[in-house]
Amino acid sequence: PHVREWLAARSITVNEGLRYPYSPYNFNLLYAAPMGATGENNSHLMHALAGWLITIFIFRTAQNNLGPFTAALAAAIWISASKWFFKTSYIELGVALFILSGTIYFILWIQDTSKHSSLLITAAFFLGLAAGTKYQAAIYPPFFIIAALIYERRPVTWLKVSLAFLAPCIFWYLRNLILTGNPVNPLAGNIFGYYDWNEADFTYQLFDLKNSKNFPRPEIWLAFLVLIFPIAWRNNSIRWMIFLSIYSTIIWYYTSHYDRYLVPQYPILALLGAIGVSYFLQLFLSISAGSDKLLKIQESAIFGKVAFSTVLVIFLVQTLPSTAKSLARVPIDAKTRHSYINARAQHFGILVNLQANHSNQKIYQLGLEGGLFYGPRRLYGDHFGPWRYRDFEPLSAHDLHKKLHDNGFTILAVNRNNTKSIEGKQKFHEFFAEIIDDGDKAYRILEPKNLATEY
């Protein structure tokens with residue numbers, strides 16, 4: 001929805017009718033070009049492309065340093081754990097791409113005996129892209145700063161690193177500071193003061209996170225198998241990846257504890273998981289061969305080829321059937337596309353109706369926020385911010401009508417789960433006239449002069 005507004009305005013606008021109008025949106029900017037040219041379809045492909053780029057980066061990084069078996073296994077772990085995110089628009093996939101890119105360049109810098117600053121500067125740039133995509137990515141720079149200070153303390157280098165980090169993200173934070181007085185609005189309202197959110201919004205957000213607590217898929221936790229192998233700790237690059245994973249996982253566990261917020265660390269965890277499994281198999285080979293040394297998989301050519309082929313076959317068996325089913329469901333014309341989206345997108349029917357027949361109206365919606373992209377642009381209402389539901393929904397029919405009318409709204413659209421309670425308000429139909437019933441409903445907000453009841 002934010003990208004749609006930017007394209008309509010031909011500039012980066014603050015869209016106060018949408019959720020998180022002041023968040024950083026670096027990765028969303030990449031959606032703008034394909035959406036402007038061909039609609040949202042290619043924007044979805046652009047989003048999925050981030051996941052496939054991560055897959056390539058994981059595979060090539062592991063292949064160059066650890067061999068094809070570990071590379072294939074790391075890529076398989078990543079795809080298995082994250083494939084659901086490929087078909088969503090959750091921005092964590094973009095953050096994961098930038099964090100992985102920054103980590104790769106940081107590891108290359110660690111490996112570089114000359115410590116060329118260009119590698120560290122590039123790492124900082126990618127971390128800046130991540131921080132300019134989602135506030136939560138700001139947990140990563142402190143780790144990299146502390147790690148880099150062990151090797152590099154020259155002020156000139158750190159000035160370049162700082163500029164490289166700030167260049168892709170400073171716009172969003174300065175904009176927020178100027179417009180709201182809070183560089184990380186709506187976070188830290190207790191420090192900088194509240195603007196569009198209030199303290200109750202923030203409390204509700206924390207409550208929502210608490211109720212969403214869960215764990216990632218089990219294959220991600222293979223990463224911690226690597227901790228038991230001393231050989232991993234002796235490798236400087238792997239050791240820093242372990243430290244990064246421990247650091248980010250601890251912060252995740254004690255803050256959100258919501259699997260989606262750990263996705264930016266999934267690529268590194270997938271790499272560590274593959275390394276751990278590889279070491280375990282090497283240990284098995286050593287025991288089987290009666291050796292007191294840990295044999296390398298790549299030293300056993302036959303085993304390496306068999307293991308790589310096995311991982312590849314398992315991966316194909318897992319993915320090909322679902323891929324075939326997905327391709328078979330791809331809509332080929334506007335009618336089948338409409339039916340396809342209607343069966344999957346929340347509240348698609350009423351939102352498309354509103355877009356087609358009432359796009360020039362100012363609409364307040366209750367509970368339809370999951371599909372706002374398909375509705376008209378002048379659509380307001382959310383759990384947070386100035387148009388929060390709890391400021392409207394509890395009101396009597398009279399007071400709800402007055403508040404909506406005074407704010408210029410002409411239509412009220414309601415989720416099917418809320419229609420009973422809304423229509424149950426005393427004298428509701430004296431103030432609102434039903435115009436759409438698609439399960440979800442929409443009502444015209446009657447003008448005061450047309451009311452049967454005195455206003």
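User: How many helices and strands are there in the protein chain of this predicted model?
Analyst: The model is predicted. Its protein chain holds both kinds of element, and the count is 20 helices and five strands.

User: What share of the protein chain counts as buried, and what box do its C-alpha atoms fill?
Analyst: The chain has 455 residues, and 48% of them count as buried. Along the principal axes, the C-alpha atoms fill a box of roughly 90 × 55 × 40 Å.

User: Of the contacts with a separation of 6 or more, what percentage comes from residues 24 or more positions apart?
Analyst: Take the contacts in the protein chain with a separation of 6 or more. Residues 24 or more positions apart account for 65%.

User: In what sense does S3 pair with S1, parallel or antiparallel?
Analyst: Strands of a sheet pair through backbone hydrogen bonds, in one sense or the other. S1 covers residues 363-366 and makes four bridges with S3. Leucine 366 stands opposite valine 414 in S3. The sense of the S1 and S3 pairing is parallel.

User: And in what sense does S3 pair with S5, parallel or antiparallel?
Analyst: S5 spans residues 440-445 and also joins S3 over four bridges. Alanine 413 stands opposite alanine 442 in S5. Isoleucine 411 has arginine 444 as its bridge partner in S5. The pairing of S3 and S5 is antiparallel.

User: Which residues cover the two faces of S3?
Analyst: In a regular strand the side chains alternate between the two faces of the sheet. S3 runs over residues 411-414, and both of its faces are covered, with the four residues all buried. One side has Ile411 and Ala413; the other has Leu412 and Val414.

User: How do the axes of H5 and H13 lie to each other?
Analyst: Two packed helices are described by the angle between their axes and the distance between the axes. For H5 (residues 92-111) and H13 (residues 236-254), the axes come within 9 Å and cross at roughly 140°. The crossing is right-handed. The two helices are therefore oblique to each other.

User: How do the residues of the contact of H5 with H13 divide?
Analyst: From H5 come Thr103, Phe106, Ile107, Ile110 and Gln111. They meet Asn236, Ser237, Trp240, Met241 and Leu244 in H13. The division is six nonpolar, four polar and no charged.

User: At what angle do the axes of H1 and H2 cross?
Analyst: H1 is residues 2-9 and H2 is residues 26-38. The crossing is right-handed. H1 and H2 are therefore oblique to each other. Their axes come within 9 Å and cross at roughly 60°.

User: Which residues of H1 are buried?
Analyst: The buried residues of H1 pack against H2. They are His2, Val3, Arg4, Glu5 and Trp6.

User: Which residue just after H1 takes a positive phi?
Analyst: The phi in question is about 60°. The residue is arginine 10.

User: Is serine 256 buried or exposed?
Analyst: Serine 256 sits in the loop between H13 and helix H14 (266-289). Beyond its neighbours within four places in sequence, it is in contact with Leu209, Lys213 and Tyr261. Its relative accessibility is 7%, so serine 256 counts as buried.

Key:
Residues are numbered from 1 along each chain as its sequence is written. This is a predicted model: local features need pLDDT of at least 70, side-chain atom pairs count only at pLDDT 80 or more; totals for chains, interfaces and linings use all residues. Side-chain values use heavy atoms; hydrogens and water are left out. Axes are lines fitted to C-alpha atoms, for helices over the stretch in contact, and angles run from 0 to 180 degrees between N-to-C directions. Angles under 35 degrees count as roughly parallel, over 145 as roughly antiparallel, 65 to 115 as roughly perpendicular and the rest as oblique. A crossing is left-handed if the near helix is turned anticlockwise from the far one by less than a right angle, and right-handed if clockwise. Contact means heavy atoms within 4.5 Å. Ala, Val, Leu, Ile, Met, Phe, Trp, Tyr, Cys and Pro count as nonpolar, Asp, Glu, Lys and Arg as charged, and the others, Gly among them, as polar. Buried means under 20% relative accessible area, exposed over 50%, partly exposed in between (1.4 Å probe, protein chains only). Two strands pair if DSSP finds at least two bridges between them.
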